[in-house]
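Please read them with the structure open.

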Amino acid sequence: MTATSTRHAITILGAGHIGFAMALLLQQAGDYDLLVADRDPACLAEVAALGVATRLIADDTSLQASINGRFAVLNALPFHRAVPVATLCAAAGVHYFDLTEDVVSTQAIRTLAANAGSVLMPQCGLAPGFIGIVGHDLARRFDTLHTLRMRVGALPRYPQGALRYNLTWSTEGLINEYCNPCEAIVDGARTTVPALEGLETFALDGVEYEAFNTSGGLGTLTETLAGKARQVDYQSIRYPGHNAILKLLLNDLRLRDRRDLLKDILESAIPTTDQDVIVIFATAAGVRGGRLVQESYSARIVGTELAGHRLSAIQLTTAAGICTALDLVAQGRLPLQGFVGQEAVRLGDFLANRFGVAYAGEGAQALEKIT
């Protein structure tokens, strides 16, 4: 079943690892006309080898030309490009989707959306993104919600070194998560808590993990659940020992004040890998039918091969998230203008989508159904 009866014109901005995965998924679906735009000719060449149209972005004029007249723009550029691109899309009446974890950017896009005639839907990846859909689904199951705790990790399957970590996505985004204040609901009130704090340890399927506060993962859930829950928080999952080293780097060595230097250090010292795993664990507790009950959601997702191309777990889940959001808007199953938060997406609709099936855990091979 195709997403729409007409072929919508889609622009993907950014031809890096995530942009490539988005292009691959949508191209395999076969019912979107794609254009991928970037300033890097080498990245564009890899996308062009898929048989997808590309455009080199040299200036604001070529960027505008890549947006005008399109049905939607999927923005896979760094977080600091979110608001400028969303502004252009709103002015052109083009639907806008992105992956940003940056809270300030999302707030600015929400303000921009108040007068927009098209959809502005940021935070469509894994976290923020899918985890917000899971969290809202759990919250809706209770008459009175007490606590909602969401945990997500993008981890190496074969960890090495003291950090036991590999770079699997945007280093800038990772540093943002480790340095910026974290939104939460504490004792029923919206607030912020420090990144790297709230350290906890747990075991899932026999593997030991730690988790701690990081920024941006909740999306707009704190606003949605304000006054409806006692405690709502989000933490990133890592292997034990990671948090202590981060505190040394960011606090003792004060690298949180020198983010460009920190980015250089991480990218020169920590290898990338496509042998990764996504771990998702969310738990809610509250009252239903007069009884105190708890419900949980967990998933473990690895990468897959699609049309002869290997997609890492973070590529797969991030691209699947934003492609599902696009599909649901194209199908008319989400609002067609203004700001759309992840809570507007029902978990069942997401998991039933031809791209959303990637979140079926180890059964990510179900992506074969997109054709």
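1. Four bridges connect strand β1 (residues 8-13) with strand β4 (residues 72-75), and the two run parallel. Within this pair, T11 has V73 of β4 as its bridge partner. Strands here are DSSP runs of E with at least two residues, helices are runs of H or I with at least four residues, and both are numbered from the N terminus. Two strands are said to pair if DSSP finds at least two bridges between them.

2. This is a predicted model, in which local features need pLDDT of at least 70 and side-chain atom pairs count only at pLDDT 80 or more, while totals for chains, interfaces and linings use all residues. Residues are numbered from 1 along each chain as its sequence is written, and side-chain values use heavy atoms, with hydrogens and water left out.

3. β1 and β4 belong to an open sheet of seven strands with parallel pairing, in the order β3-β2-β1-β4-β5-β6-β17. Its edge strands are β3 (53-56) and β17 (338-339), each of which pairs on one side only. Helix α2 (residues 41-48) packs on this sheet, touching β2 (32-38) and β3, and its direction makes about 170° with that of β3. Helix α3 (residues 60-67) lies across β1, β2, β3 and β4 and runs at about 155° to β3. Contact means heavy atoms within 4.5 Å. Axes are lines fitted to C-alpha atoms, for helices over the stretch in contact, and angles run from 0 to 180 degrees between N-to-C directions.

4. Helix α4 (residues 82-92) packs against helix α5 (residues 103-113) at an angle of about 15°, with the axes 9 Å apart. That angle makes α4 roughly parallel to α5 (under 35 degrees; over 145 would be roughly antiparallel, 65 to 115 roughly perpendicular and the rest oblique). A82, V83, A86, T87 and A90 of α4 meet S105, A108, I109 and L112 of α5.

5. Strand β13 (residues 276-288) has ten of its 13 residues buried, where buried means under 20% relative accessible area, exposed over 50% and partly exposed in between (1.4 Å probe, protein chains only). Twelve bridges join β13 to strand β7 (residues 144-156), antiparallel, with A154 opposite I278 of β13. Twelve bridges also join β13 to strand β14 (residues 291-302), again antiparallel. V279 stands opposite R300 of β14, and F281 has S298 of β14 as its bridge partner. The hairpin of β13 and β14 has two residues between the strands, and G289 there takes a positive phi near 60°.

6. Helix α11 (residues 313-330) has 18 residues and reaches 25 Å from first to last C-alpha, close to the 26 Å expected at 1.5 Å a residue. The expected span is 1.5 Å times one less than the number of residues. Because 18 of the 18 residues of α11 are buried, the helix is largely enclosed by the rest of the structure.

7. Some backbone details are worth checking. The peptide bond from A127 to P128 is cis, with omega near 10°; P128 is in the loop between β6 (119-121) and α6 (130-139). D205, a residue other than glycine, has a positive phi near 55° and sits in the loop between β10 (200-204) and β11 (207-213). D205 counts as exposed, at 71% relative accessibility.
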